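Here are a few exercises to work through with the viewer open. Try each task yourself before you read its solution.

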Amino acid sequence: MRTKKNKSEKMKPLDRLMLIVIFILSIAVPTSVVFSQATLSKSNIEVEKMKNKVEKQQNSNQSLSMQLDELASLSNIQDIAKAYGLSYNNDNIIVINN
């Protein structure tokens, strides 16, 4: 009977397989974490770009809405009517509600 293992004895195939799996996982896990963090960072950058675009468009829409309100004001309509020789008659105004 042998009680001591021989140092020159080769590794069993199962032990070798476990070492290979541990080695692969020790490389794959950190690599996948770095890759996922990079992907997340890229997505966050895209979201911020889209937020900036939306904000710019909202500001532009608000500015255009203010210009529309200014152009549609009663005093502006009266000024333009006078400039073209038209008269303002309150009875001819029809209000249409949405």
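Helices (H or I, at least four residues) and strands (E, at least two) are DSSP runs, numbered from the N terminus. This is a predicted model, where local features need pLDDT of at least 70, side-chain atom pairs count only at pLDDT 80 or more, and totals for chains, interfaces and linings use all residues. Residues are numbered from 1 along each chain as its sequence is written, and side-chain values use heavy atoms, with hydrogens and water left out.

**Exercise 1.** Find the salt bridge and say where its partners sit.

Solution. Start with the rule: a side-chain nitrogen of Lys or Arg has to be within 4 Å of a carboxyl oxygen of Asp or Glu. The count by this rule is one salt bridge. Glu-48 pairs up with Lys-51, and their closest N and O atoms are 3.9 Å apart. Now look at the positions: both residues belong to helix 1, three residues apart, or about one turn of the helix.

**Exercise 2.** Is Glu-48 buried, partly exposed or exposed?

Solution. Buried means under 20% relative accessible area, exposed means over 50%, and partly exposed is in between (1.4 Å probe, protein chains only). Glu-48 has a relative accessible area of 42%, so it is partly exposed.

**Exercise 3.** Work out what goes on around the loop between helix 1 and helix 2.

Solution. Helix 1 covers residues 13-71, and helix 2 covers residues 74-83. Ser-73 is in the loop between them. A polar atom of the Ser-73 side chain lies 2.9 Å from the backbone oxygen of Glu-70. Ser-73 is partly exposed because its relative accessible area is 24%. Next, go to Asn-76, which is in helix 2. A polar atom of its side chain is 2.9 Å from the backbone oxygen of Leu-71. Beyond its neighbours within four places in sequence, Asn-76 is in contact (heavy atoms within 4.5 Å) with Glu-70 and Leu-71.

Notes. A polar contact is a pair of N or O atoms within 3.5 Å; within protein, one must be able to donate a hydrogen and the other to accept it, and residues adjacent in sequence count only if both atoms are side-chain atoms.
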